[in-house]
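Hi there,

Here is the structure I promised to pass on to you. Have a look at it first, and then read my notes below.

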Amino acid sequence: MTNQRNTNMKKGLLLVLMCVVFVSGSAQNAIGIKAGVNFASMSLDLEDEFGEGVSTAINPLLMASIISKIELSYAVDLILELGLVQRGYKVVADEDGFEAELITTFNQLHFSPGLGFNLSDQFSLGIGPYIGYATKFKDTLKFSEEGIEGSETYKEDFEDDNKFDYGANFNLNYLIDDALLITTGYSLGIMDYYEEESSYSVRNTGIMISIGYLFN
């Protein structure tokens with residue numbers, strides 16, 4: 001079932017790329033770059049699993065991408081984005097004199113085609129799917145107990161079932177002088193990293209803030 005899911009995702013990505021090539025060849029576009037911060041987290045309900053002493057926290061990470069803006073009409077633009085987004089989460093524990101912090105991060109190749117609905121010459125609302133791909137993740141653990149501190153770091157490969165990620169992005173864009181682009185948005189993952197465990201689900205989420213520049 002999982003292999004079928006990955007196959008369908010690859011076919012869907014190929015179809016999207018073919019559509020992009022067709023549209024790009026028949027419309028004027030602008031190319032740009034942008035970078036920013038992904039305040040990443042994951043949908044972990046740790047209090048039910050481990051008690052009130054364990055919780056998740058926002059994990060500020062980096063993101064950078066190349067973007068293309070293609071005008072479909074006066075009211076709607078096609079926005080294509082390809083780049084690198086750091087994903088992950090932070091777990092903190094504080095209970096009975098034991099303190100710990102676990103940070104998980106991974107670099108995800110990120111492709112997001114979407115539509116921008118122009119509210120004015122400056123503001124637009126964006127919505128669209130994303131497909132991400134990552135091969136490895138890194139865990140960094142720091143702990144302290146009764147004056148004894150320690151840390152551990154290790155890297156591990158994702159299982160083939162979890163290398164692909166997919167979901168949706170929702171953005172508010174502010175364009176200054178048709179060049180400077182300021183974007184705030186929310187990324188909601190749909191792919192469940194613990195799909196086989198019906199009582200537990202882990203999905204990517206993140207609040208993204210970025211600044212970009214369009215070369216018209």
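A definition to start with: a residue is called buried under 20% relative accessible area, exposed over 50%, and partly exposed in between, using a 1.4 Å probe and the protein chains only. Please keep in mind that this is a predicted model, so local features need pLDDT of at least 70 and side-chain atom pairs count only at pLDDT 80 or more, while totals for chains, interfaces and linings use all residues. Residues are numbered from 1 along each chain as its sequence is written, and side-chain values use heavy atoms, with hydrogens and water left out.

First, the confidence. pLDDT is the predictor's confidence in each residue, on a scale from 0 to 100. Its mean for the protein is 84, and 81% of the residues reach 70 or more. Over residues 21-26 pLDDT stays under 50, and there the model has six contacts beyond four places in sequence. A contact here means heavy atoms within 4.5 Å.

Now the overall picture. Helices (H or I, at least four residues) and strands (E, at least two) are DSSP runs, numbered from the N terminus. The protein has two helices and eleven strands, and from the N terminus on the elements run α-β-α-β-β-β-β-β-β-β-β-β-β. Of the contacts between residues at least 6 apart in sequence, 63% join residues at least 24 apart. Buried residues account for 39% of the 216 in the protein. The protein exposes about 12,700 Å², with carbon and sulfur atoms supplying 58% of that area; accessible areas come from the Shrake-Rupley method with a 1.4 Å probe, and for residues only the protein chains shown count as cover.

Which residues touch the most other members of the largest nonpolar core? They are M42, L44, F106, F158 and Y193, in a core of 14 residues. The elements giving two or more residues to this core are β4 and β5, and β4 provides the largest share, three residues.

Leaving out residues up to four places away in sequence, F106 touches M42, V85, Q86, R87, G88, A134, K136, F137, F158, Y193 and N204. Ring pairs also link F106 with F137, F158 and Y193 into a cluster. Rings of Phe, Tyr and Trp (its six-membered ring) pair if their centres lie within 6.5 Å; planes under 30 degrees apart count as stacked, over 60 as edge-to-face and the rest as tilted. By this rule there are seven aromatic pairs. One of them is Y213 with F215, edge-to-face at 5.0 Å centre to centre and 65° between the planes. Y213 has a relative accessible area of 41%, so it is partly exposed.

Beyond four places in sequence, T205 touches A40, S41, M42, R87, Y186, S187 and L188. T205 counts as buried because its relative accessible area is 15%.

Some loops are worth a visit as well:

- G97 lies in the loop between β4 (76-95) and β5 (98-118). G97 counts as exposed because its relative accessibility is 52%. Its C-alpha is 9.3 Å from that of G147, 50 residues apart in sequence, and G97 touches S144, E145 and E146, not counting residues up to four places away.
- I190 is in the loop between β10 (180-189) and β11, and at 47% relative accessibility I190 is partly exposed. I190 and N204 are 14 residues apart in sequence and 7.7 Å apart, C-alpha to C-alpha.
- D177 is in the loop between β9 (164-176) and β10, where D178 is also found. Phi of D177 is near 55°, a positive value in a residue other than glycine, and phi of D178 is near 55° as well. With a relative accessible area of 73%, D177 is exposed.

Best wishes

Technical notes:
A nonpolar core is a set of buried Ala, Val, Leu, Ile, Met, Phe, Trp, Tyr and Cys residues joined through side-chain atoms within 4.5 Å.
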